[in-house]
Amino acid sequence: MVVPATVFAAVGTAGQRCTTTRRLFVHEAVYNTVVDRVKRAYAQFESRIGDPLESNTIIGPLHNEAAVLKYKATVAEAIASGGKVEYGGKVLEKEGNFVLPTIITGLPHDAPVVLRETFAPILYVIKVKDLDEAIKYNNEAAQGLSSSLFTNNIQNVFKWMGPKGSDCGIVNVNIPTSGAEIGGAFGGEKETGGGRESGSDSWKQYMRRPKGSDCGIVNVNIPTSGAEIGGAFGGEKETGGGRESGSDSWKQYMRR
């Protein structure tokens, strides 16, 4: 599952999706095997880079020349930082803004180029010793839209989705980082945090008070003290600790 999911999420739309896989953390026991298999998978698509309107095409172009220049600069920076290009790293000599999907190894997990979004098909593969280390590295990025764990261990699933797991808005298991579940909430955290769309709670994003009171309880023509029976009770900022009472109070027990 890992290889096709990685190729789909890292190469699809030429790496220009908000949920594109940029970093692949691989356990040291299977690192070499995974890198080799992903490289072989990438090679299968080299002849299928081209016009998206043609039926044989799998990978289309970058959206403009500036994106190509950014791709080239990013690959050059990765090499200068000690990275090794395992596959790709080149602009195709053909009409249009076409580049080879690229795999880079050998960089530290916290290299600036690794932590930066490029919106190009560049994949950094990083070796980890265990899940805790993978979670730590995953969470150190400033962006936090989508993440995914591939495992056959149910305890790893609980850790990944729990309070000390991935800090992204979308936390997947055994599926790619790209692709949205119909009916599921879609949105991120940190620099990619801007509410949610879709899902049963998406309407609440339109109920925000962007310029009004920032308190948890906002009254009109009644005292600040006193609670509405059946209404949610709780605060924000230093007095923010979830809600008690109210139809949504159970959700506080479902937090990660």
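Trainee: Why does C18 count as partly exposed?

Mentor: C18 has 44% relative accessibility. Partly exposed is the range between buried (under 20% relative accessible area) and exposed (over 50%), using a 1.4 Å probe and protein chains only, so 44% puts C18 in that range. Keep in mind that this is a predicted model, where local features need pLDDT of at least 70, side-chain atom pairs count only at pLDDT 80 or more, and totals for chains, interfaces and linings use all residues. Residues are numbered from 1 along each chain as its sequence is written, and side-chain values use heavy atoms, with hydrogens and water left out.

Trainee: And what makes C168 buried?

Mentor: C168 comes in at 3% relative accessibility, so it counts as buried.

Trainee: How many disulfides are there?

Mentor: Zero, going by the rule, which asks for a pair of cysteine sulfur atoms within 2.5 Å.

Trainee: Why is T21 called buried?

Mentor: Because its relative accessible area is 10%. T21 sits in the loop between α1 (2-11) and β1; helices (H or I, at least four residues) and strands (E, at least two) are DSSP runs, numbered from the N terminus. With neighbours up to four places away in sequence left out, T21 touches A9, A10, I122, L123 and T177, where contact means heavy atoms within 4.5 Å.

Trainee: What makes the T21 and T177 side chains a polar contact?

Mentor: They are 2.6 Å apart. The rule wants N or O atoms within 3.5 Å; within protein, one must be able to donate a hydrogen and the other to accept it, and residues adjacent in sequence count only if both atoms are side-chain atoms. So the pair qualifies.

Trainee: What do the buried residues of α5 pack against?

Mentor: β1 (23-27), β4 (122-128), β6 (146-149) and α6 (154-161). Among those buried residues are L131, I135 and Y137.

Trainee: Which residues touch the most other members of the largest nonpolar core?

Mentor: Of its 40 residues, Y42, L62, Y71, Y124 and V125 do. A nonpolar core is a set of buried Ala, Val, Leu, Ile, Met, Phe, Trp, Tyr and Cys residues joined through side-chain atoms within 4.5 Å.
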